[in-house]
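Here is a short tour of a model for you to follow alongside the sequence.

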Amino acid sequence: MATKKYVYAFSEGKAEMKSLLGGKGANLAEMTNIGLPVPPGFTITTEACKEFYKAGRKFPEGLEQEIEVKVAWLEQTLNKKFNDPNGPLLVSVRSGAVISMPGMMDTVLNLGLNDQTVVGLAASSGNARWAYDCYRRFIQMFGNVVLDIEHHKFEAILEDQKYKRKVEFDNQLTSEDWQEVIAKYKLIVQKETGHEFPQDPKEQLHKSIFAVFDSWENDRAIVYRKVHKISDDLGTAVNVQAMVFGNMGDDCGTGVAFTRNPSTGEKLLYGEYLTNAQGEDVVAGIRTPQPIAKLAEEMPDVYQQFAQTCTLLENHYKDMQDIEFTIERNRLWMLQTRNGKRTAQAALRVAVEMVAEGVIDKQTAINRVDPNQLNQLLHRRIDPNAKLEVVAKGLPASPGSASGAVVFNADLAEKLNEQGQKVILVGTETTPDDIHGMVAAQGILTSRGGMTSHAAVVARGMGKPCVCGCEAIKIDNENKQFTVGNIIVKDGDIVSIDGSTGEVILGEVPMIEPELSKEFQELLKWADDIRTLEVRANADTPEDAAKAREFGAQGIGLTRTEHMFMALDRLPIVQEMILANDIEERAEALAKLLPMQEGDFYGILKAMDGLPVCIRLLDPPLHEFLPNAEELAVEINTLKLTNGDPAKLKRNEDLLRKVRSLSEFNPMLGHRGCRLGITWPEVYAMQARAIFQATARLVQEGYKIETEVEIPLVIEVKELAYLREIVINIAEEVKKETGVDFHYSVGTMIEIPRAALLADEIATQAEFFSFGTNDLTQTTLGFSRDDAEGKFMQPYIEKKILTDNPFIVLDRKGVGKLMQWTVENARRVKPELLIGICGEHGGEPSSVEFCHMIGLNYVSCSPYRVPIARLAAAQAAVNNKDQSK
């Protein structure tokens, strides 16, 4: 039987092999095969990584032999050899996941250097300073990545050396300085590991490959995958590539560039570079780099070649590219290309402009924008008319605005966020180990680093505001504060940042509502042409309804009448209705509520003129409207002990008896929903009258009203038939009383498994169904949402018992199966039955896709998620052409 192939030369791969070679390996192969200047190398596959973990962190059989063969091939290709003091082969070892995870896994550069080869390299190159700089970098990276020695221990020695020589930057140190640093680095390795720094390049290589595989399971990579919903099962490839050097002198350099602006989407070459530096210097923020446009002045021929290569790559991949390059002795080398991470604003602009340029079609453009990213554009920004106390300005690295308490530590940021506090993470720069703090923070502020630094790239991917390279702020980690001139900002002080301007502002700032850009509106227009699912909104007020319309909602999928009952002027009347001793007392309370409810419905129906509005009759358990029994008991005891008002004491005692008589062991499964309508039909009758009186008034005024009356929590067709008759009778009464004819429909929510299983029977009495997936998820899984999310949901997800929180992402296997059963069986009885979904799943992209796949008519979500649902519905149509019903 043929053995599995684990190692591929770049020339043996292609872009389509991404799942095997990882994104970086596949793109290096593709660039090699289209003739771009790529240093030769080979890729160890993701399959090898998976086998590595299956075998308990051991290389799979045959891998070491394959690596030996490819190293020999590389030596022959370059006419250089490992451990040759006259012309040593030096390589980089880099990770390369299937889905880009910038900075999350490990890299080792300059591998192959040791005490002998560094001397030969210095002699053969005539550049001792460069050779010893490469060696110290290698020891530092290998020591940190492979030997697990803390990075700051090396950095402290480097800073001491610069201080001793009175220089600011690394590249100002001499070869003698580097030799001193190297000697101290090796002592750290000896002290920390008990062994000397390894001198054999093959040992260095095998240990580095091991470390890169191992980094797939490091804490920051795990957090990043969780945030970006990347599978833990994909593994990483490893790329071993001949080194090219950007740190040999002023005719050398290294940089990162995007073919378009990743913040705004503008079609303009965008990026940064450093002369006389290696690639890690740019992303680590050690020196503030130059904008890529300056390269045109310093090395015009190289810039011209680079610009042409960028155009070629963008046209080849038909997407904005993120490119890493090195210049060695005025020669350009391409080290990586990948689809660039971008803000939502940039994603929209790039997608729309690429359609206009004829590069992609509208369906491709629809898939280029992550619906979840749109959240970035649907939240508030700093009010341009506000008076701001701007104290500093850095680079506008990731757009958006945020306010929060200053913290200087990622662990503290995470802790305070868990306590509900908003924070701004501040640091000299961020590292991949800070990922958990970046996730927790509202925004990120760094004093060093550029637009392609770690902080900038990761913040843009998360949609968080970020200001980088703000050199005006001087950070004092020991005293947990930063200063700007005479101003001191301490840990816990409130600041604001504007990632669109780079401004740092003292205090909290006023915000304004978002506006949809022309690219946003254009893309959503294309989405509306493509999607088959309608998108409605959940709205309980005319203001919510108006906002929903503004965002493109095609109706209201849920109006919760109980929210209207919670208003302070109504709650006493609602309590009066609940605590009534007989039907006459209840009728008196309902008569007071009727005009209030009619006014509520009038406003919402009017705001949605011409569009359907689904109004759910009273649903929650009665305890939500009543005083707390314990608080009442305390008040009664206080009145007794202080000889309080006897009349008030008697009222409270009567009230407490009533509250206790109505209390339930499990109110969410108790006297609520249609069960209230069955026991107290006069409540639903009042609500129906309020709905229809508002409808009649609006029809008289010339509005086109489409009212849907929804009965919640049914488990049996007889319940629906009984309550439907009440609603119909009230509608006919109102028509006679007003002389106005109007259209309406009566339907139900499917939110209990029994209702789903009996959908064919229930459909005989319904004109529409709406899935209430919040309750359907609770009753199907047997989870109380509040308890599950607060106590045991996280362990379920961490231990991979559940892939996602089922209250956020629809549980297709369980809840989804009930939904599919419902649709199929109900439509056997009524083929044209209108079926939608109104839980918050209606605005979550994966759940929207499932709703499309099982043939629902609409999804409904909160107003601010309507654009997300519109785009997700279009993507579902594009990606499931053969699966929609």
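**A briefing on the fold and some of its residues**

The side chain of Q321 makes a polar contact with the side chain of N339, at 2.8 Å. A polar contact here is a pair of N or O atoms within 3.5 Å; within protein, one must be able to donate a hydrogen and the other to accept it, and residues adjacent in sequence count only if both atoms are side-chain atoms. This is a predicted model, in which local features need pLDDT of at least 70 and side-chain atom pairs count only at pLDDT 80 or more, while totals for chains, interfaces and linings use all residues. Residues are numbered from 1 along each chain as its sequence is written, and side-chain values use heavy atoms, with hydrogens and water left out.

**More about Q321**

- Q321 lies in strand β9, residues 321–328 (strands, E, of at least two residues and helices, H or I, of at least four are DSSP runs, numbered from the N terminus).
- Q321 has a relative accessible area of 0%, so it is buried (buried is under 20% relative accessible area, exposed over 50% and partly exposed in between, with a 1.4 Å probe and protein chains only).
- The Q321 side chain also reaches the backbone oxygen of D319, at 3.2 Å.
- Beyond its neighbours within four places in sequence, Q321 is in contact with residues including A257, F258, L313 and T337 (contact means heavy atoms within 4.5 Å).

**The chain as a whole**

- You will find 34 helices and 31 strands in the chain.
- Of the 885 residues in the chain, 55% are buried.
- The C-alpha atoms fill a box of roughly 105 × 70 × 50 Å, taken along the principal axes.
- Among contacts with a separation of 6 or more, 69% are between residues 24 or more positions apart.

**Two helix pairs**

- Helix α5 (residues 128–145) packs with helix α7 (residues 175–193) at an angle of about 20°, their axes being 9 Å apart (axes are lines fitted to C-alpha atoms, for helices over the stretch in contact, and angles run from 0 to 180 degrees between N-to-C directions).
- That angle is why α5 is roughly parallel to α7 (roughly parallel is under 35 degrees, roughly antiparallel over 145, roughly perpendicular 65 to 115, and the rest oblique).
- On the α5 side the contact includes Y132, Y135 and I139, and on the α7 side it includes W178, I182 and Y185.
- Helix α33 (residues 845–853) and helix α34 (residues 866–879) pack at about 50°, with axes 8 Å apart, and are therefore oblique to each other.
- In α33, P845, V848, E849 and H852 meet residues of α34, among them I868, A869 and A872.

**A buried helix residue**

- V683 sits in helix α26, residues 681–700, and counts as buried at 3% relative accessibility.
- Leaving aside neighbours within four places in sequence, V683 is in contact with M577, R586, L590 and L618.

**Positive phi values**

- Most residues other than glycine have a negative phi.
- N330 has a positive phi near 65° without being a glycine; N330 is in the loop between β9 and β10 and is partly exposed, at 44% relative accessible area.
- L713, also not a glycine, has a positive phi of about 65°; L713 is in the loop between β27 and α27 and is buried, at 2% relative accessible area.
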